[in-house]
Amino acid sequence: MAQQAYMTETDNGGSGPERPGSRLRRLAHRLLHGWRGDPRIWRRGIVLAVLALLLALVMLVHSRIPNRVGNLGSLSETFLPWLGVAVPVLLVLALVRKSATALVALLLPAIVWLNLFGGLLTDKTGSGGDLMVATHNVNAENPDPAATATDVAASGADLLALEELPATALPVYEKALAGTYRHHAVVGTVGLWSKYPMTDVRAVDIKLGWKRAMRATVATPQGPVAVYVAHMPSVRVKMKAGFTARQRDKSADALGEAIADERLPRVVLLGDLNGTMNDRSLNAVTSQLRSTQGAAGSGFGFSWPASFPMARIDQIMVRGVEPESSWTLPRTGSDHLPVAARVKLDTGA
């Protein structure tokens, strides 16, 4: 009798263990039953169809959503990839509603999303590169800075940028990284550790009133590289003020001006920009440089928050060098994930 509790009727009238495939077939049958010959399949689901068209419209014209009201445009662009989650949700609802109209309308947002982000779904990583770089916002309240420093140094990066370095923890980072990196410089709350000599180290004015950006010339075996480390001001989502990013936007413009004035042909930018590549407010920077994740990564490479990454606000961007691979590193004691990339400096080879 106990065995019969686990038996079910099969399609041929016999009994036997229920298979997962049988459950899926029955579920599909229930969802599709009644579609054939039902003229109402084109009249049902009008609301779902409208929602699908609105979703496609938001993705199509995201660059035209105004920032005048609470920086709504930048907010939508920060989490733009996540709009794709609505497509399978609407798909299930359309199937349950048995609406052919909604299913046809869903093709539009699906196509738009794939056009915007489909390229990020493919693996573009290569195996080359003659310089590995990494950047990490270590979090000023990091409970174990020594372990964080050890973890990111173990990545093998030739250049390591750290942001949000508190003065009280700086000696801990310097001691933990001294065995791996012979050269380093710290300007304000950002720092650069290098296996190669550094010269012309200076602060970059990003209109904050305190130092959160720097520039250095790194003497790599392939020649000099201008390396920028930056930590843009934080943004907040507030009920009354919306997406508050005015100071971040002002600092991004200043950083863009500094990069535009850079004389060295090879430039690497490492840091927490508190914004994604889709955010129009970072155009002063993103229009001049290539994202290593976009050019040579696999997937979206979300870096924040570390507990459940939803956006890539930690960036590695380059000019005059070729990205070969880009990825996120394992979680540390910070609320950000470290990100790393390998680039080819000798682009003539």
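Before starting, I noted that buried means under 20% relative accessible area, exposed means over 50%, and partly exposed lies in between (1.4 Å probe, protein chains only).

**Ground rules.** I am working with a predicted model, where local features need pLDDT of at least 70, side-chain atom pairs count only at pLDDT 80 or more, and totals for chains, interfaces and linings use all residues. Residues are numbered from 1 along each chain as its sequence is written, and side-chain values use heavy atoms, with hydrogens and water left out.

**Entry 1, overview.** I found 10 helices and 16 strands; these are DSSP runs numbered from the N terminus, with helices (H or I) of at least four residues and strands (E) of at least two. The protein has 349 residues, and 46% of them count as buried.

Is T148 buried or exposed? I found T148 buried, because its relative accessible area is 2%. T148 sits in helix α6, residues 145-153. Beyond its neighbours within four places in sequence, T148 is in contact (heavy atoms within 4.5 Å) with H136, V138, N142, T332 and G333.

I then turned to the loop between α3 (72-78) and α4 (86-97), where L83 lies. L83 counts as partly exposed, at 26% relative accessibility. Leaving out neighbours within four places in sequence, L83 touches L55, V58 and M59. V58 is 25 residues from L83 along the chain, and their C-alpha atoms are 9.0 Å apart.

How do α6 and helix α7 (residues 170-177) pack? Their angle is about 35° and their axes are 9 Å apart; axes are lines fitted to C-alpha atoms, for helices over the stretch in contact, and angles run from 0 to 180 degrees between N-to-C directions. P145, A146, A149, T150 and A153 in α6 meet V172, Y173, A176 and L177 in α7.

I traced an open sheet of six strands with mixed pairing, in the order β7-β8-β9-β12-β14-β13; two strands pair if DSSP finds at least two bridges between them. β7 (198-203) and β13 (290-291) are at the edges with a single partner strand each, so one side of each has no neighbour in the sheet. Strands β9 (residues 223-231) and β12 (residues 267-272) run parallel, joined by six bridges, and V229 stands opposite L270 in β12. Helix α8 (residues 246-260) packs on the sheet and touches β9, β12 and β14 (314-319), its direction making about 175° with that of β9.
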